[in-house]
Amino acid sequence: MSQEIFTSLVGSSSAMQKVKKLILQVAQTDATVLILGESGTGKEVVAQALHNSSERSNRAFVPINCGAIPGELLESELFGHEKGAFTGAITARKGRFEMAEKGSIFLDEIGDMPLPMQVKLLRVLQERIYERVGGNKSFECDVRIIAATHRNLEDNIEAGDFREDLYYRLNVFPIEMPSLRERPEDIIELLDYMFARIQSEGRKIPTLSEKALIALQNYPWPGNVRELGNLAERLSILFPGLSVDYDDLPAKYQVEIDNSAQLLVAEEVTEPKVNNLQMDNENAQIDTQENNLEKENMGHDMGSPNLDEGLDLKSYLVEMEVQLIQKALSQTDGNVSQAAKLLQTNRTTLVEKIRKYDLS
């Protein structure tokens, strides 16, 4: 279940594990959640994961960007309007809150909401009722409210642009989405995910060298995951099915890196399980697979080499590694995470080797 919930919330770093843990904790309640983080970090992905892991998951998830809609139209978008409420209102229309009834509404860029609308939203949070524009009938509201902003709302309060009482109503359970520069070890996993989506469209994808990946891990990423997605798309267009080295990256990504710099990988962390029984079953399955792999390897010496005629050690070691990876993947029916556990290596490291040796 947790794997399905976090399909789009990619990353195994400690920062992302903390976010996933908070999502699972608050999902079991109806508490209002405020997601904080820079633009492009994936706040809507967090909101969607929160909805999917809650008891409201079988109802609607309705997003709205409060900064993209003019203030005079935002009230109608949120609460709907009656026929003739204003010029152009030729029929009655449901608002986003009504569409999200029994489900969740995601108010993105809440910091850009005009003050008059903040008052109306505060009433909904306090009394759980609203009216359509031009109407006098009150609608009861049973909606999980998830808000997000890239702004520092406390600064907005000081400047008089955001209501303090609304801030405390929204900030019941804050979740801070880390910037990409705070979790560079997730970049390989994110690229794998992005390239897999491109590949699913029938397009060829590039293979990045280790030096290119190290450079990307040392770039500051002002546009965060959104910027990384744009780069993945660009490289797929420029280098379909080809290798991409450091010098092939766009100039701004060719950051200066130390000769001792190494590729960062996230430490292996067990995904949160739904219950102990599921965890026990999965662990038992992995133990069985490990025992089978050990028995198989005991009776197989990987073809002991004949040293009389000399040996290309590098090629031999690569061949051994490829055979072991193939064996682990076969043993786990292609499950990369379980194969990585059998081989006692990080999942991201194994994914990189699978791509390097073209084992997919």
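The model is a predicted one. Its protein chain has 15 helices and nine strands, and buried residues make up 43% of the 360 residues. Taking the contacts with a separation of 6 or more, 74% are accounted for by residues 24 or more positions apart.

In soluble globular proteins, nonpolar side chains tend to be buried together. Here, the largest nonpolar core has 31 residues, and those with the most contacts inside it are Leu 78, Phe 97, Leu 107 and Ile 110. At least two residues of this core come from each of β2 (61–65), α4 (71–79), β3 (104–108), α6 (115–127), β6 (144–149), α7 (153–158) and α8 (164–170). Helix α6 gives the largest share, with five residues. As for Leu 78, once residues up to four places away in sequence are set aside, this residue touches Ile 64, Gly 95, Arg 96, Phe 97, Ile 105, Leu 107, Met 113 and Met 117. Another core lies apart from the largest one; this other core has 28 residues, including Ile 198, Leu 208, Trp 221 and Tyr 246.

The axes of α9 and helix α11 (residues 224–238) come within 10 Å and cross at roughly 50°, which makes α9 oblique to α11. Their crossing is right-handed. On the α9 side, the contact is made by Ile 187, Leu 190, Leu 191, Met 194, Phe 195 and Ile 198, and on the α11 side by Val 225, Leu 228, Gly 229, Ala 232, Glu 233 and Ser 236. Sorted by class, the residues of this contact of α9 with α11 come out as nine nonpolar, two polar and one charged.

Where they meet, α9 brings Ile 187, Ile 188 and Leu 191, while α10 brings Leu 213, Leu 216 and Gln 217. This contact of α9 with α10 has five nonpolar residues, one polar and no charged ones. Ile 187 and Leu 191 turn up in the contact with α10 and in the one with α11.

How well covered is α10 itself? Helix α10 (residues 210–217) is mostly covered, with six of its eight residues buried. The buried ones are Ala 212, Leu 213, Ile 214, Ala 215, Leu 216 and Gln 217. Gln 217 deserves a further look. This residue of helix α10 has a relative accessible area of 7% and is therefore buried, because the cut-off for buried is under 20%. Leaving out residues up to four places away in sequence, Gln 217 touches Pro 184, Glu 185, Ile 187, Ile 188, Gln 262, Leu 263 and Leu 264.

Some loop residues are worth a visit too. Met 177 sits in the loop between β7 (173–176) and α9. With a relative accessibility of 4%, Met 177 counts as buried. What does Met 177 contact, leaving aside its neighbours within four places in sequence? The list is Leu 9, Met 16, Val 19, Leu 36, Gly 37, Thr 41, Gly 42, Val 46 and Arg 183. Take Thr 41: this residue and Met 177 are 136 residues apart along the chain, and their C-alpha atoms are separated by 6.5 Å.

Two other loop residues have a backbone angle to note. Glu 109, in the loop between β3 and α6, has a positive phi of about 50° although it is not a glycine. Its relative accessible area is 11%, so Glu 109 is buried. Arg 128 is not a glycine either, yet has a positive phi of about 60°. The place of Arg 128 is the loop between α6 and β4 (129–131). Is Arg 128 buried or partly exposed? At 27% relative accessibility, Arg 128 counts as partly exposed.

Definitions and conventions
Residues numbered from 1 in each chain as written. Predicted model: local features only at pLDDT ≥ 70, side-chain atom pairs only at ≥ 80, totals over all residues. Heavy atoms only, no water. Buried < 20%, exposed > 50% of the residue type's maximum accessible area, 1.4 Å probe, protein only. Helix = DSSP H or I, 4+ residues; strand = E, 2+ residues; numbered from the N terminus. Contact = heavy atoms within 4.5 Å. Nonpolar A, V, L, I, M, F, W, Y, C, P; charged D, E, K, R; others polar. Core = buried A, V, L, I, M, F, W, Y, C linked by side-chain atoms within 4.5 Å. Axes fitted to C-alpha atoms, helices over the stretch in contact; angles between N-to-C directions. Parallel < 35°, antiparallel > 145°, perpendicular 65-115°, else oblique. Left-handed = near helix turned anticlockwise from the far one by under 90°.
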